[in-house]
Amino acid sequence: MKLVPLGDRVVLKQLVAEETTKSGIVLTGQAKEKPQEAEVIAVGPGGVVDGKEVKMEVSVGQKVIYSKYAGTEVKLEGEEFIIVRQSDILAVVE
Amino acid sequence: MKLVPLGDRVVLKQLVAEETTKSGIVLTGQAKEKPQEAEVIAVGPGGVVDGKEVKMEVSVGQKVIYSKYAGTEVKLEGEEFIIVRQSDILAVVE
Amino acid sequence: MKLVPLGDRVVLKQLVAEETTKSGIVLTGQAKEKPQEAEVIAVGPGGVVDGKEVKMEVSVGQKVIYSKYAGTEVKLEGEEFIIVRQSDILAVVE
Amino acid sequence: MKLVPLGDRVVLKQLVAEETTKSGIVLTGQAKEKPQEAEVIAVGPGGVVDGKEVKMEVSVGQKVIYSKYAGTEVKLEGEEFIIVRQSDILAVVE
Amino acid sequence: MKLVPLGDRVVLKQLVAEETTKSGIVLTGQAKEKPQEAEVIAVGPGGVVDGKEVKMEVSVGQKVIYSKYAGTEVKLEGEEFIIVRQSDILAVVE
Amino acid sequence: MKLVPLGDRVVLKQLVAEETTKSGIVLTGQAKEKPQEAEVIAVGPGGVVDGKEVKMEVSVGQKVIYSKYAGTEVKLEGEEFIIVRQSDILAVVE
Amino acid sequence: MKLVPLGDRVVLKQLVAEETTKSGIVLTGQAKEKPQEAEVIAVGPGGVVDGKEVKMEVSVGQKVIYSKYAGTEVKLEGEEFIIVRQSDILAVVE
């Protein structure tokens with residue numbers, strides 16, 4: 001089973017928070033910061049969305065930063081995904 | 001009797017939550033998670049909605065993920081449906 | 001006396017709630033569910049509404065489902081009506 | 001002295017609530033229902049309002065139903081009027 | 001010194017409330033009703049405002065009714081003025 | 001160092017409140033009214049702002065009245081400025 | 001690793017608050033004012049954003065003033081950045 005986003009939607013999968021700090025300390029659950037980075041899993045076709053032409057600019061596999069609180073969390077076969085509009089993606093991490 | 005949606009509306013029927021977890025545990029009422037998946041029952045004709053041309057992209061029988069809190073719950077002859085705008089449908093599950 | 005709606009307005013008359021449940025129990029006042037179904041009594045001419053061309057798609061006599069909380073309740077000669085915009089009508093019941 | 005409305009504004013005068021109920025009971029002040037009916041006193045010229053062309057469709061002398069809470073109450077020489085936008089007029093009573 | 005309004009702004013000067021009621025009673029400060037009438041002192045050039053062409057329709061010296069709570073109160077050399085957008089002017093009093 | 005505003009922004013410097021009332025009384029700090037007058041320090045280039053063509057109509061050195069609560073206060077080298085959109089400027093004082 | 005902004009987004013890096021006041025007093029942590037100045041680190045490609053053509057007008061290395069509360073704070077490899085829309089940048093400091 002897979003998610004096929006509509007319009008300008010993008011399916012993201014949150015990256016797991018780094019378990020080690022810069023200085024080498026290993027973090028346990030609570031101390032880990034919720035990451036804002038995610039991987040692009042699927043990209044909608046774009047086209048006319050809400051009366052405006054939208055061209056998709058991200059692609060599957062890219063690592064992106066997305067706007068906190070944006071999007072809808074979705075669970076499919078036990079795995080969690082976030083579906084956002086492309087306009088909620090702020091930047092690509094290269 | 002059947003529901004014929006207007007404009008960009010889509011009639012959905014919520015799928016029943018899975019009664020068994022991945023690990024095989026059988027869930028009772030309270031523990032079942034409210035699913036966000038639904039089946040498309042009827043699709044409006046699209047056309048000019050709120051001054052903007054809308055092309056319908058979902059079709060009857062598809063399983064879709066829709067935005068939580070969107071739509072209006074409707075009861076017809078004892079059965080419950082949800083009527084949403086197509087823009088509240090986030091992705092198709094294939 | 002009759003109501004002639006302007007623009008994209010539609011005059012509705014709420015259908016009386018069914019007094020008997022599926023299982024045959026007769027319901028009294030309080031237990032009856034407020035129905036979301038209504039009959040179309042009069043339809044405005046459509047045309048340019050709020051700068052956008054609106055084509056009327058419902059017609060007098062149809063049974064429709066309308067958005068809860070939408071519209072204005074109006075009393076004319078003791079009878080109650082609801083005036084809604086066509087966009088607050090979700091589906092026709094056939 | 002008279003009020004000459006600008007743009008898509010319409011000057012209304014609320015009709016006095018009926019003092020007798022259907023069953024013939026004479027109502028005193030408090031028991032009278034605030035009517036939603038009003039008479040059209042003056043109609044603005046229409047034209048481009050907020051960047052959109054508005055054509056006036058009501059005319060002086062018509063009895064109309066207007067949206068509760070809409071409009072501004074105005075007092076001129078002791079008489080009370082309500083100034084609304086034409087879009088706040090729901091229907092004409094014929 | 002004078003105020004030259006920009007765009008679709010209009011400079012108004014509130015008319016002093018009538019000090020005598022219809023029945024001839026002289027009102028003191030507190031009892032006087034805050035009038036909604038004002039005189040047009042200066043009119044902006046109109047033109048493209050917020051992306052829309054606005055044509056000015058009021059002129060200096062007219063008495064107008066304006067929307068309560070609209071506009072900004074301004075004090076210039078001890079005198080008080082109200083600056084409103086033309087769309088906050090409801091009607092001209094003739 | 002100087003502030004070069006972007007788009008339809010205008011850099012203003014608030015004028016100091018008059019220290020003497022009309023009747024000649026010298027006011028101390030607390031009694032002075034916060035003035036709504038400001039001097040134009042720098043004017044953005046205008047152009048397409050939020051999809052709409054904006055033509056700049058104020059110029060450096062003019063005294064203007066601006067909308068209370070509008071704009072952002074900015075401190076540069078110990079001096080305070082207010083950056084507003086041109087549409088928050090109500091009138092020029094001549 | 002670097003941040004490549006999408007659309008009309010701009011990556012900013014907040015400038016450290018000045019540690020010495022005009023009069024030469026050295027400030028400690030708490031007394032330092034949070035600066036509104038930032039340096040431009042990366043600029044999106046512009047283009048059609050939300051249905052409107054946006055031309056990028058800031059460039060990497062410029063010092064800018066941005067609207068307080070705008071933007072999203074992002075942490076990449078221990079460094080903090082702010083991603084804003086170009087329209088949240090008020091002025092360039094030269």
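**Interfaces along chains A, B and C**

Between them, chain B and chain C bury about 1500 Å², with 56% of that area on carbon and sulfur atoms; buried area here is the accessible area (1.4 Å probe) that two parts lose on being put together, summed over both. The model is a predicted one, in which local features need pLDDT of at least 70 and side-chain atom pairs count only at pLDDT 80 or more, while totals for chains, interfaces and linings use all residues. Residues are numbered from 1 along each chain as its sequence is written, chains are lettered from A and ligands numbered from 1 in the order in which they are written, and side-chain values use heavy atoms, with hydrogens and water left out.

The contact (heavy atoms within 4.5 Å) draws 21 residues from chain B and 18 residues from chain C. Two salt bridges are found across the interface of chain B and chain C, a salt bridge being a side-chain nitrogen of Lys or Arg within 4 Å of a carboxyl oxygen of Asp or Glu. In a salt bridge of this kind, Asp50(B) meets Lys52(C) through their side chains, at 3.5 Å from N to O. On the side of chain B that touches chain C, at least two residues each come from β1 (3-5), β7 (72-76) and β8 (79-85) of chain B. Of the elements there, β7(B) gives the most, with five residues.

Turning to the other pair, chain A and chain B bury about 1600 Å² between them, 57% of it on carbon and sulfur atoms. Here 21 residues of chain A are in contact with 18 residues of chain B. The count of salt bridges between chain A and chain B is two. A salt bridge joins the side chains of Lys2(A) and Glu94(B), at 3.9 Å from N to O. The side of chain A that touches chain B receives two or more residues from each of β1 (3-5), β7 (72-76) and β8 (79-85) of chain A, and β7(A) gives the most, with five residues.

As for the fold of chain A itself, there are zero helices and nine strands, where helices (H or I, at least four residues) and strands (E, at least two) are DSSP runs numbered from the N terminus. Buried residues (under 20% relative accessible area, 1.4 Å probe, protein chains only) make up 43% of the 94 residues in chain A. Among contacts in chain A between residues at least 6 apart in sequence, 62% join residues at least 24 apart.

Terms used:
Buried < 20%, exposed > 50% of the residue type's maximum accessible area, 1.4 Å probe, protein only.
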